[in-house]
Amino acid sequence: MLELKDLYFSVSGRNIIDGMNYTFEKGKFYSITGPNGSGKTTLAKLVMGINQVSSGSISFQGKEISSLSITERAREGIAYSFQQPARFKGITFRDLLSMAAGTDDEEMLLALLRRVGICSLSFLDNPVDAKLSGGEIKKIELATTIARNPKLAIYDEPDTGIDLWTIQPMVRLLKREQKEHGTTTVVVSHNRAFLEAADIVLMISEGKLVYKGDLKGALPMLNDLSVCNYRKCVGDKDVGCYR
Amino acid sequence: MLDAIDKDLLKMVADLEGLPKGAFNIRKNGKLLKREVSANINIESNADGSGIVVTIKPGTINESVHIPVILSQAGLYDVVYNNFIIGEGSDVTIIAGCGIHCGSLEPEGHAGIHEFRVGKGAKVKYVEKHYASGPGRGRRTLNPTTKVFLEAGATAEMELTQIGGVDEANRTNEATLGPDSLLLITERVLTEGNQKAVSANTIILAGAGSRANMVSRSVIKGDSEQDFYATMEALAPCFGHIECDAIIMDNGRNDTVPSLKARHPDAALTHEASIGKIASDQLMKLMSLGLTYDEAVNRIIQGFLK
């Protein structure tokens, strides 16, 4: 349902995504992992239209989308959960959820809260501002992504700022969405819980897809990648620092 | 008595569909249009006829008074001096506001000078909206002044809004806080085109245990200009905070100058100020929810000024 063909994204002549080809199947759960700066988030942003491809194509349900705006891709059925969610002044969770769901009907919003497992109704009228904790804003981000009823849901590091006790319920929520709504799910994560939940693990290193398969097969490579991949940025022209 | 333009202006500045219930004073083109008093709220013209005196009896709870001003007379610059005496222990809402309808090339303007004396333990909420409309190209000016004196334990909550169409505004807010009193000011101003707005605020925390919080939200579109000055001066153990945020669009220009003056070692004063365009992560989030760029901008601005 999502096909990447000869995909490149370059900054200052350096390929951040370096000729990627892959087809995501409908209804599957994918986890994308790899070292810091390998291009995981960049890839996710290319699919959502937040970054524009340098060359190559992205087709979604048979339609070329690489020239479409974020808005148009959202309307095609792609939803995106940001690693660092935006904070607003004067916009509440209710406002965001209403925009995401396309309705301000109270019953429908409450049904959405139940669907994503948020019990406290007073949470709905909280401003989505700097006062929210990291965990709270990630829950809001997840809820607004699910409220889109997406065909393809992309979650960029959904466990950032989430306490350990919430990660498993979050994994179960995304699996339930996959199962009950047929959502093709792509999670960018380093967290083993998401890797274990995935039907397919994709590993990216230096902008290339270096592994696709189950977690067991990925583990030796993950161990190799976990050492000696720290490097120092050399000046502000070092594109590696933008990954 | 109220024509279609009057009704439109009253709706915009005071959320009124017609004449309000309870005490009110409606001023049109520099003259009294209609006045009602209530058992607890008296309104009378001041000695020289240049404004009104609103007196609220001590202990008056959950009552409101509307005092809107509407202007539609070409060439008129209306100046009014209003005094509010809020009795001890009362809890009331005052809804003011000025609406200008300009139909010609001649300028129109209004200066409302409002002085509040809030008695011991009393609470007042003051809501003021400024708005101008009409096909005329005459300059529309609004120059409000508010002076607030809070006695011991008194609270004033002020919502000051300029919602569009005003070419020039020079606002002055002054407040002196007594012991254990509380002042909350929220000011929202939107300018566009070649409009200019200046807001100068001086808050003196004179009493021990007094607290003040001033929030300013500015949206500056087109070639418009806004300047915001806020000074908090602490003369006693107290707490004061200024939060001023400005969103600049197009070629807007903004000066924001918060100033804190501690004249007592136990004063706690803070401020936070920001000026900038709409953050790209906010736009991307709303666009990822299916909104167009323009829809996302509008929602962010609406929320910011809400």
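Helix 3 of chain A and helix 4 of chain A pack at an angle of about 95 degrees, their axes 11 Å apart. (Axes here are lines fitted to C-alpha atoms, for helices over the stretch in contact, and angles run from 0 to 180 degrees between N-to-C directions.) That puts helix 3 of chain A roughly perpendicular to helix 4 of chain A, on a scale where angles under 35 degrees count as roughly parallel, over 145 as roughly antiparallel, 65 to 115 as roughly perpendicular and the rest as oblique. Helix 3 of chain A brings Arg94(A), Leu97(A), Ser98(A) and Ala101(A) to the contact, and helix 4 of chain A answers with Met108(A), Leu109(A) and Leu112(A); two residues are in contact if their C-beta atoms, placed from the backbone, lie within 7 Å. By class, this contact has five nonpolar, one polar and one charged residues. (Ala, Val, Leu, Ile, Met, Phe, Trp, Tyr, Cys and Pro count as nonpolar, Asp, Glu, Lys and Arg as charged, and the others, Gly among them, as polar.)

A word on the model itself: it is predicted, local features need pLDDT of at least 70, side-chain atom pairs count only at pLDDT 80 or more, and totals for chains, interfaces and linings use all residues. Residues are numbered from 1 along each chain as its sequence is written, while chains are lettered from A and ligands numbered from 1 in the order in which they are written.

Helix 4 (residues 106–116) of chain A also packs against helix 5 (residues 134–147) of chain A, at about 115 degrees and with the axes 10 Å apart. This crossing is right-handed; the call is left-handed if the near helix is turned anticlockwise from the far one by less than a right angle, and right-handed if clockwise. On the helix 4 side of chain A sit Leu112(A), Arg115(A) and Val116(A), which meet Leu142(A), Ala143(A), Ile146(A) and Ala147(A) of helix 5 of chain A. Here the tally is six nonpolar, no polar and one charged residues.

Zooming out, chain A has eight helices and 10 strands, where helices (H or I, at least four residues) and strands (E, at least two) are DSSP runs, numbered from the N terminus. The radius of gyration of chain A is 18 Å, close to the 18 Å that the globule rule gives for 243 residues, so chain A is as compact as a globular protein of that length. (The radius is taken over C-alpha atoms, and the rule is 2.2 Å times the number of residues to the power 0.38.) Along its principal axes, the C-alpha trace of chain A spans about 50 × 40 × 40 Å.

As for sheets, two strands pair if DSSP finds at least two bridges between them. One open sheet of chain A lines up four strands as 2-1-4-5, with antiparallel pairing. Its edges are strand 2 (14–24) and strand 5 (63–64) of chain A, each of which pairs on one side only. Strand 1 and strand 2 of chain A are joined by eight antiparallel bridges, with Phe9(A) partnering Ile17(A). Their hairpin has two residues between the strands, and Ser12(A) takes a positive phi near 50 degrees there. Helix 1 (residues 40–48) of chain A lies across strand 1 (2–11), strand 2 and strand 4 of chain A, running at about 65 degrees to strand 2.

The other open sheet described here has six strands of chain A in the order 6-7-8-3-9-10, with mixed pairing. Strand 6 and strand 10 (208–213) of chain A are the edges, and neighbouring strands are turned by 20 degrees against each other on average, direction ignored. Helix 5 of chain A packs on this sheet, touching strand 6 and strand 7 (152–156) of chain A, and its direction makes about 180 degrees with that of strand 6. Helix 6 (residues 164–181) of chain A packs on the sheet too, touching strand 3 and strand 8 (184–188) of chain A, at about 155 degrees to the direction of strand 8.

In chain B, strand 13 (residues 155–162) and strand 15 (residues 182–191) run parallel, joined by eight bridges. Ile185(B) of strand 15 is the bridge partner of Met158(B), and Met214(B) of strand 17 is in turn the bridge partner of Ile185(B).
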